[in-house]
Amino acid sequence: MKTYNLIYACMALLVLIGCSKTDSDNLGENEKEKSVQANYTLIVKNQGNLSGTLFNVEDEALTIKTEESKFTSVSSPDLSFEENSVLTTYNKKTNCSGMLTVHDFNDDSSVSHDVFTDLGSCNLTAKSIARKGDKIYIAYDLHISSTVDEFYVRVLDVSVSEPTFIDVELNQRPLELAYANNRLFVLGVDEAVTDENSITVVDANANTVIHNQLVGFDVRRIFTNPANNIIISYDNLHSTLNSETMALLYTSYGEGKEPNFTKSSTLHFDSAGKMYYQMSPTAYSIFPVIPAIYDFSKNLTVLYAYENFMTETQLNFEFNVEKTTMVSYDEENNLLLIGYKKTSGENKGGLLLIKPEPDPELLNSIDVEGIPTSIFMN
């Protein structure tokens, strides 16, 4: 079994086979693998609703728990934000109201907050949400007329029984939010002058704009990396924005080496800075979306093409894999957790438990009603 490394360095005919050793290669021959024991909540989407299923892993056995998760069936959110074991969602209620829900999977608790009720009769569009501690951020457009829009980030402080808020006005239409170094970074587009994408920085203490800069065209998304800086991603490169100095460092991929993480619905980092996500593999797999890992420090992508660790019978008859819908990594137990949609039904899915590189191995699986969207450790 093998994975694919997009480094094009070893041999002309084996451009996708990895050349460098991983940490796993250096394990002593006598070092025993520790037993695996973990508890998770798997979030699945089924007929427009999200629900949670509790299950545990003991050694290599996957078992669905009989007890029900307190994350009961809810409508699929318009916006969501994941951080560690907390899921924050936004659901639109009317043209001028919505509901934020924060679910902490550590204690399986949920708290909801109504938002925008102070605006009276209006027409707004929430664009992105983020959360840090007791503050929740919502970027939104306020439609004043057919030709006039206003742009804001609402900062909601939920540390008190009656949450308070402040609106920070923006000059550009907001698209996405990321938080780092006690600052909120807003990806926007300068529609009035250049049509370029922009980054607006808001001081999280003062709730004021402290910096704005244009970052070129066709930015696909932004997110925070483990070094607490901002990744600005394009199709053929990404830039790393230093969250303190605002200096930019560019990383180009080269044609055919793109990690293609811009469309992944889930991004999960380990402590070494490697990112686990869903990738469209183009020519490297017959499946439209597969699991992948991108190492930012090495500009290296490892693809987990299903056909390299599962047999044809497993793929087409036992598991009925159609495409990857979720990728996560349990670093404590060195487990790759892959959610997928089945070909056997619109709302049929499964979860695969994989031992990762250097020799990927299918350890176990479970079938679920619904399509896996995310997973949280309890």
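The report below describes a predicted model.

## Aromatic pairs

The structure holds 19 aromatic pairs. In one of them, the ring centres of Y137 and Y179 lie 5.9 Å apart with the planes at 35°, so the pair is tilted. Y137 belongs to strand 11 (residues 135-143) and Y179 to strand 14 (residues 173-180), so that this pair links distant parts of the chain, 42 residues apart; both residues are buried.

Y253 and Y294 form an edge-to-face pair, with 6.2 Å from centre to centre and 85° between the planes. Because Y253 lies in the loop between strand 21 (248-252) and strand 22 (267-269), whereas Y294 lies in strand 24 (residues 290-295), the pair ties together parts that are 41 residues apart in sequence. Y253 is buried at a relative accessible area of 6%, and Y294 is buried at 0%. Both belong to one aromatic cluster, which also includes F223, F261, F269, Y277 and F296.

Four strands form an open, antiparallel sheet in the order 26-27-28-29. Strand 26 (321-330) and strand 29 (361-369) stand at the edges with a single partner strand each, so one side of each has no neighbour in the sheet. Within this sheet, strand 27 (residues 335-342) and strand 28 (residues 348-355) pair over 6 bridges, and K341 stands opposite G349 in strand 28.

## A loop proline

P226 is found in the loop between strand 18 (221-224) and strand 19 (230-233), and its 49% relative accessibility makes it partly exposed. Leaving aside neighbours within four places in sequence, P226 is in contact with F269, D270 and G273.

Notes:
Residues are numbered from 1 along each chain as its sequence is written. This is a predicted model: local features need pLDDT of at least 70, side-chain atom pairs count only at pLDDT 80 or more; totals for chains, interfaces and linings use all residues. Side-chain values use heavy atoms; hydrogens and water are left out. Helices (H or I, at least four residues) and strands (E, at least two) are DSSP runs, numbered from the N terminus. Buried means under 20% relative accessible area, exposed over 50%, partly exposed in between (1.4 Å probe, protein chains only). Contact means heavy atoms within 4.5 Å. Two strands pair if DSSP finds at least two bridges between them. Rings of Phe, Tyr and Trp (its six-membered ring) pair if their centres lie within 6.5 Å; planes under 30 degrees apart count as stacked, over 60 as edge-to-face and the rest as tilted.
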